[in-house]
Amino acid sequence: MPRPIRATIDAAAMAHNLAIARRQAGGAKVWAVVKANAYGHGLERAAKALAEADGYATLDFIEALRLRNAGVTKPILMLEGIFKPADVALLARHSLTPVIHSLAQVEMLEKRVLERPIDAYLKVNSGMNRLGFTVDSVRIAWNALQAHPAISSVTMMTHFADADGASGVAGQLEWFNSMTAALAGPRSLANSAALLRHPETCADWVRPGLMLYGCSPFADLSAEELGLRPAMTLASEIIAVQNLESGERVGYGFSFEATEPMRIGVIACGYADGYPRHAASGTPVLVNGQRTCTVGRVSMDMICADITHLPEAAIGTPVTLWGAGLSADEVAASAGTLSYELLCALAARVPLSETA
Ligand SMILES: *Cc1c(COP(=O)(O)O)cnc(C)c1O
């Protein structure tokens, strides 16, 4: 028998979250962002659950081809465009829409033959300073794409650095609008945070990722408050129980010491499963649906939880690490990270299945 740990994926939750994104986006079309194996949820499964999207966005050609092999005929947006000249042929063959963010990519497109026309996105650097054309080169790139015989449409795009934070989007939005004022074409700007908090950025196409999986992009607003439902539940069981006297300690580094008699449940889940190693003692966990907290360090294959006040808890008692009843956002906060990282880091050794 395998270890008791498993992740279950709730397809209905994803469809529900997509409907929220669509409602929030007004009339904008929706790219469902499914990069990183659909944030750990399984690419093909997520694409099916998100069938109401207008297209899918990823950045890995292997993932894009997996979608085509799964029968996806909708548009696929390649968020980092092409990496090597040979990728140009893949764009035409599989009808992929590249984000063009550098003159090096423009040059690749010009030098290689596109056997069939494709759509393209042109990425503007509106202040994040990661990818995209600046005010000096955006016109050159736009002209080149417009003049390209096999590029049928050019959508102007940018990405926000702090749509969830104090800076917001106003500065980048203004700069994007001024840089692209003279450049015709549809627009795409909003990630989950922008589409939820700054609806004025929704434009023609939105690009939600995290919210589709039922997590919140905001530190000050929970997924539940946003009406989102968790798509992934990571669950396991207690595999051992320890009774501690006051003064006894738990786990590597003896980092936790009992100050009174305690019962500790040992859970089959560790950082090799994708549970964050930096989750501090006190991170919330559900044992038999009841909220308690971890004690001591996360080890490779196990964590420990305080079950002193849960007398019914024993070997075999079910545990929820995150998901239904306990948001991954909360666990992430206890580990000094974001739910994005937790979902994506789910280890390959954890069996993934769909809820019935
Ligand atoms: C990942 C990504 C998104 C989705 O972001 P979320 O915060 O998960 O909604 C949107 N746009 C681009 C360019 C991305 O790389």
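A polar contact, as the term is used here, is a pair of N or O atoms within 3.5 Å; within protein, one must be able to donate a hydrogen and the other to accept it, and residues adjacent in sequence count only if both atoms are side-chain atoms. A backbone N or O atom of Gly209 lies 2.9 Å from an oxygen atom of the ligand, and a backbone N or O atom of Leu210 lies 2.8 Å from an oxygen atom of the ligand. The side chain of Lys35 also takes part, with an N or O atom 2.7 Å from a ligand oxygen. On its own the ligand has 390 Å² of accessible area, and the protein covers 93% of this; such areas come from the Shrake-Rupley method with a 1.4 Å probe, and for residues only the protein chains shown count as cover. In total, 13 residues surround the ligand, the closest being Lys35, Tyr39, Ser192, Leu210 and Tyr340; a residue is counted if one of its heavy atoms lies within 4 Å of the molecule.

A word on what you are looking at. This is a predicted model, in which local features need pLDDT of at least 70 and side-chain atom pairs count only at pLDDT 80 or more, while totals for chains, interfaces and linings use all residues. Residues are numbered from 1 along each chain as its sequence is written, and side-chain values use heavy atoms, leaving out hydrogens and water.

Now step back to the whole chain. Its C-alpha atoms fill a box of roughly 75 × 40 × 35 Å along the principal axes. The chain has eleven helices and 18 strands; these are DSSP runs, numbered from the N terminus, with helices (H or I) of at least four residues and strands (E) of at least two. The domain assignment, which is automatic or from a database, gives domain 1 (11-213) and domain 2 (232-354). Their centres, taken over C-alpha atoms, are 37 Å apart. Nine residues from domain 1 and nine residues from domain 2 make up the contact, where contact means heavy atoms within 4.5 Å. Of the 356 residues, 52% count as buried, meaning under 20% relative accessible area, with exposed over 50% and partly exposed in between (1.4 Å probe, protein chains only).

Within H4 (residues 61-69), Phe61, Glu63, Ala64, Leu67 and Arg68 are buried. These residues sit on the same side of H4, because they cover an arc of only 160 degrees around the axis, judged by the directions from the helix axis to the C-beta atoms. The face turned away from that side carries the exposed residues Ile62 and Asn69. Among the elements covering the buried residues of H4 are helix H2 (35-39), helix H3 (43-49) and strand S5 (96-100). At the N-terminal end, Asp60 caps H4 with a side-chain oxygen 2.7 Å from the backbone nitrogen of Ile62.

From Phe61 you can move on to Ile82, which touches Phe61 as well as residues including Val88 and Leu91. Ile82 is found in the loop between S4 and H5 and counts as buried at 3% relative accessibility.

Our last stop is Thr294, in strand S15 (residues 290-295). Thr294 is buried, with a relative accessible area of 4%. Its side chain reaches the backbone oxygen of Ala280 at 3.2 Å, and Thr294 also touches Tyr275, Val285 and Ile303, among others.

Conventions
Lists of a residue's contacts leave out its neighbours within four places in sequence.
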